[in-house]
Amino acid sequence: MSLPVRVRLTLWYGSLLEAMLVGLGAFLIVRLRADLVAAIDRSLDTRAAQIALDYTGDGEEEFRGVSESSLVAVPRGETADQVLSPSGTVLQSAGDEAVSQEPMIGAADLARARRDGAGLRLTAALGADREPFRILAVRLPDRPDVLVVSESLEDVDRSVHRLLGLMLLAGPAALAAAGGGGWWIAGEALRPVRRMTEEAAAIGPGRLHERVGVPRTRDEIERLGMTLNAMLARLERSVDEQRRFVADAAHELRTPLAIMRSEIDVSLASDRLPPAARAVLRSAADEVGRMSGIVENLLTLARMDEEGGLEILRAPVDLADVAGDVARRFQAAAGSKGIVLGVSAEHVVVLGDRERLLQAVANLVDNAVKYTQPGGHVEVSVRAAPGRGRVVVADDGPGIPPELLPRIFDRFVRADAVRSRGTGGAGLGLAICRGIVEAHGGRIRAESEPGEGSRFVLELPVVEDAGPVDPAGPTGTMRVR
Ligand SMILES: Nc1ncnc2c1ncn2[C@@H]1O[C@H](COP(=O)(O)OP(=O)(O)O)[C@@H](O)[C@H]1O
Ligand SMILES: [Mg+2]
């Protein structure tokens, strides 16, 4: 059973209290009844002794008068007295007539009372309406007869019932009050835990520098909070180290890749290259290009996570130029896969970082070429929309599963592994696209019909007064997380 701690605590508390109340109540009732019966027993003793004394002194005729005077002396409860012969015949009787006319004890009890000098005590239901009576039977001194005195237990039962009623009324009320108090105390005690849980849940990968608020209570809860914060600090440190390592590694890989690239280009420029060697070098150039792309992505990702976020240059960039560049870069890869890669672009100038925009569009085209089956089509288009420039990369490939579409720009999100097996990638390309586009103040979205293809739409705010495009002259930088 997985109830919240607060409910469990309250239930525990309530059940314990209930058990205690029931136990206490039962004890009180048993005690009260025993005490009341003992009081009746004492009064029966007194009356029996007095009657026996008077009986011996004044003879049988006095019995009724004597027992009636005793009755007056003991105003509480109904009483009945009788003298029984050894054979069980009622010789004389007094008090409650409905009870005293018939023998109040059976033959066996009568025999025992005659034998036992100390007298016999018992409780029995007497009369036509079976009323409970406490009975004392003693043998009269120097005679074979037995004196039986009795008193109704009705008052005792009434007192016990009244107490029971009071407890049945007060018990649940006490239980409800204590349960409510317990519920409130448990809630108060758990409130800091709830708050820390919420705070800790809100600390995502990008907010590892944050800490949960620790209450200064010098108890387990304060320790829990401090432990949580210490863990966050360790996590932050190790994530930072990893990020720095990735950034350093990617940075280190850039230069050798650039050198390889230019060496291959120089070799390819030679006329005396045998055709087979030329083909090998072309393929090597493609692979080096892909590797550069991956390294760029890694570096961008590390920068996006850094303190200041991704640094974006702000210079006028012609999106048609970017689209053309990317298409050129992927023409060979598309061609060798039998995919038609087309471009149709209007000149739209936005303020931004040309290299980053190239990277974003390249990631989209890379996906389109990578995931579209041979014979498919990929189209890159650039259009001006009111206030914004729009780059669309569309394909007629397999499309994106609808359940993945809302998360497709999240890190490490990929469609089923089988389809993407061998196509590499870690599911970071689209996350980087979004990072770059949002750093530019733009928006990116994906539309897809499974089996029909995918469309990635990238929108960037345009420069209001577009001057001449000067890619060399950054007009400033901005940092966006
Ligand atoms: N044009 C596309 N057609 C079909 N699926 C795509 C397309 N672009 C992206 N996807 C799906 O989105 C996932 C995430 O893409 P991305 O972030 O670039 O990661 P990667 O390419 O490394 O797998 C891909 O694994 C793929 O399943
Ligand atoms: Mg990709």
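Among contacts in the chain between residues at least 6 apart in sequence, what percentage join residues at least 24 apart? The figure is 66%, with contact meaning heavy atoms within 4.5 Å.

1. Ground rules. This is a predicted model, where local features need pLDDT of at least 70, side-chain atom pairs count only at pLDDT 80 or more, and totals for chains, interfaces and linings use all residues. Residues are numbered from 1 along each chain as its sequence is written, chains are lettered from A and ligands numbered from 1 in the order in which they are written, and side-chain values use heavy atoms, with hydrogens and water left out.

2. The chain overall. You have 11 helices and 14 strands here; helices (H or I, at least four residues) and strands (E, at least two) are DSSP runs, numbered from the N terminus. Of the 481 residues, 37% count as buried (buried is under 20% relative accessible area, exposed over 50%, partly exposed in between, with a 1.4 Å probe and protein chains only).

3. Helix 8 against helix 9. Helix 8 (residues 319–337) packs on helix 9 (residues 354–371) at about 30 degrees, with the axes 9 Å apart. That makes the pair roughly parallel (angles under 35 degrees are roughly parallel, over 145 roughly antiparallel, 65 to 115 roughly perpendicular, and the rest oblique). Axes are lines fitted to C-alpha atoms, for helices over the stretch in contact, and angles run from 0 to 180 degrees between N-to-C directions. By class, the contact divides into 13 nonpolar, no polar and seven charged residues. Ala, Val, Leu, Ile, Met, Phe, Trp, Tyr, Cys and Pro count as nonpolar, Asp, Glu, Lys and Arg as charged, and the others, Gly among them, as polar.

4. Helix 11. Nine of the 11 residues of helix 11 (residues 429–439) are buried, so this helix is largely enclosed by the rest of the structure. Among the buried ones are Leu430, Cys433 and Val437. After the helix comes glycine 441, with a positive phi near 75 degrees.

5. Helix 7 against helix 11. The axes of helix 7 (residues 275–305) and helix 11 come within 10 Å and cross at roughly 55 degrees, which means helix 7 is oblique to helix 11. Asn297, Thr300, Leu301 and Met304 of helix 7 touch Gly429, Ala431, Ile432, Gly435 and Ile436 of helix 11. That contact has five nonpolar, four polar and no charged residues.

6. Two backbone angles to look at. Most residues other than glycine have a negative phi. Arginine 130 has a positive phi, near 45 degrees, and sits in the loop between strand 3 (120–126) and strand 4 (131–139); its relative accessibility is 55%, so arginine 130 counts as exposed. Phenylalanine 412 also has a positive phi, near 60 degrees. Its place is the loop between strand 11 (388–395) and helix 10 (417–420), and phenylalanine 412 is exposed at 58% relative accessible area.

7. Proline 86. Look in the loop between strand 1 (79–84) and strand 2 (90–95). Proline 86 is partly exposed, at 38%. Leaving out residues up to four places away in sequence, proline 86 touches Leu110, Arg114, Pro144 and Asp145.
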